[in-house]
Amino acid sequence: MSVLDSSKTATQTPRLKVGFVSLGCPKNLVDSEVMMGLLDQAGAQMTTSPETADVLVVNTCSFIDTAKQESVDTILEMAQHKVTGKAQKLIVAGCLVERYRDEIRKNIPEVDAVVGTGELEKILEAAGLQAPVVSASQLASPFNILSGTTARAEGDLRESQGRFARKEWDGATAALPQYLYDHTTPRLLATRGPSAYIKIAEGCDHPCSFCVIPNLRGKFRSRAFESVIAEAERLVAQGVQEITLIGQDTTCYGEDLGLKDGLALLLDKLAGIEGLRWLRFLYAYPNKITGKLLETIAKHDNIVKYLDVPLQHASGSVLKSMKRGANADIFLKTIEKVRAAVPGIALRTSFIVGFPGETDADFETLSNFVKEARFDWLGVFGYSDEEGSGAFPLGEKVPAKVIEQRKRTLMRQQKGLSKKAKQQWVGRTMTVLAEGESAETPLLWEGRSQFHAPEIDGTVYINDFGPLEAIVPGRFYECEITEAHDYDVVARVISEV
């Protein structure tokens, strides 16, 4: 039979359409991108319309109560498409699965399959697809065996102390997640424009008593150095110009690979990739900010002058109870060291208010610290009492009303500090990445400078294209800051760069 004849008689099977909803942090987004890549490689077609999807996937977050509620609400919303739309299957993935695997299946019968944080490859089976045949060369990839397989001593110690215990979680698998993607793993980027994330490590060994992420994600493990470089080079070759390195604690990168100052070494190598305009990393543990790391940030023009250091509190007694250590004075010295090494650097942090036992005096210490530290960006979370965390059995719970009051007080204080700081930007010129028309009005465009991390900081509003007739999303422009508001600034374009 000729090719022409076969084309007439062959029946083409429609591609399975899969819709994704990814909730939570950028680390979760990368997991979604990996699952979408695996599905795409197996022949599925991604769709942004849940009404037309054959399979719907909700990648969940369960960091705090509000995140869990959002995850449950989204699952229920997507379940309706099995009634009103084309959807035949609903899959739930991510952190909520690790914590409530059995309860999800029992209480939401519309859910057809669950996929935990350490079993991303099972998304194919859950969707009813088969994995493509893997070549022997791929199985023998040197990058697979170079990834962190030797636990950090801190992780082994924490495990012996019960840090990663999951026995009381109904349905939780006994084995901790081990999965870690590499540069050979297919990914479909969900980020817009020239920006992308690279997850360089997974899991966490720190003992923070407010957090259950280690129980959900497993022990800390680094990706192979060469694998990260290979992925970054490929992304830049595809047109990516901004890369954000992510992990629960990126400053521990490479310790399980025997590297000293592993993150600094990685940044130094990545900064040499031609075409990479902005390189940043999230997040830094305060006592892991080494002189070598700061020297590397200062050394390269394309490593953005931005550091996100979640400090969680400033009162020594609260930090001790959180199993974090340090205090306001130590943190101020760290901030001084950072600003001296990298002049003009933007600093972001986050705090938890209402931790069990937090007194008015503790909160006052935190408030005074914020005034003195003068952060560029600051986030405040109310304490969430998470079963399985070290803080859950602690007494002296702070009333919800007091937690909310302290949260509002600290954010109101930061609002004033931010407005004053942003006024200092007026008259400055800086490179801005244009992201598109503002949702508020087509008369304004939105963008970011190197001092803004994607989706979490303020906005640069562009209201004047200067000498240009139009600007293009995803391109970089030299701009002059003309106005300042509480968290956002207004700019006019000078030229394209």
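View 1. Asp-205 is buried, with a relative accessible area of 2%; buried here means under 20%, exposed means over 50%, and partly exposed is in between (1.4 Å probe, protein chains only). This is a predicted model, so local features need pLDDT of at least 70, side-chain atom pairs count only at pLDDT 80 or more, and totals for chains, interfaces and linings use all residues. Residues are numbered from 1 along each chain as its sequence is written, and side-chain values use heavy atoms, with hydrogens and water left out. Asp-205 meets the side chain of Arg-152 in a salt bridge, 2.9 Å from N to O; the rule is a side-chain nitrogen of Lys or Arg within 4 Å of a carboxyl oxygen of Asp or Glu. Arg-152 counts as buried too, at 6% relative accessibility. Zoom out a bit, and salt bridges with shared partners join Arg-152, Glu-154, Arg-158, Asp-205, Glu-255 and Lys-288 into one network.

**View 2. Asp-457 and Arg-348, another salt bridge.** Here the N to O distance is 2.8 Å. Both Asp-457 and Arg-348 are buried. Arg-348 sits in strand S12 (residues 346-353), while Asp-457 is in the loop between strands S15 (445-448) and S16 (460-464), so the pair links parts of the chain 109 residues apart. Strands (E, at least two residues) and helices (H or I, at least four) are DSSP runs, numbered from the N terminus.

**View 3. Lys-82 with Asp-112.** The closest N and O atoms of this salt bridge are 2.7 Å apart. Lys-82 is partly exposed at 26% relative accessible area, and Asp-112 is partly exposed at 33%. By the same rule, the count comes to 37 salt bridges.

**View 4. The open sheet S6-S9-S10.** Its three strands pair in parallel, where pairing takes at least two DSSP bridges between two strands. S6 (195-199) and S10 (278-282) are the edge strands, each pairing on one side only. S9 (residues 242-246) and S10 share five bridges, and Thr-244 has Arg-280 as its bridge partner in S10. Helix H2 (residues 26-41) lies across S6 and S9, at about 95 degrees to S6. For such angles, axes are lines fitted to C-alpha atoms, for helices over the stretch in contact, and values run from 0 to 180 degrees between N-to-C directions.

**View 5. Ser-495 in strand S18.** Ser-495 belongs to S18 (residues 489-496) and is partly exposed, at 29% relative accessibility. Leaving aside neighbours within four places in sequence, Ser-495 is in contact (heavy atoms within 4.5 Å) with Tyr-477 and Glu-478.
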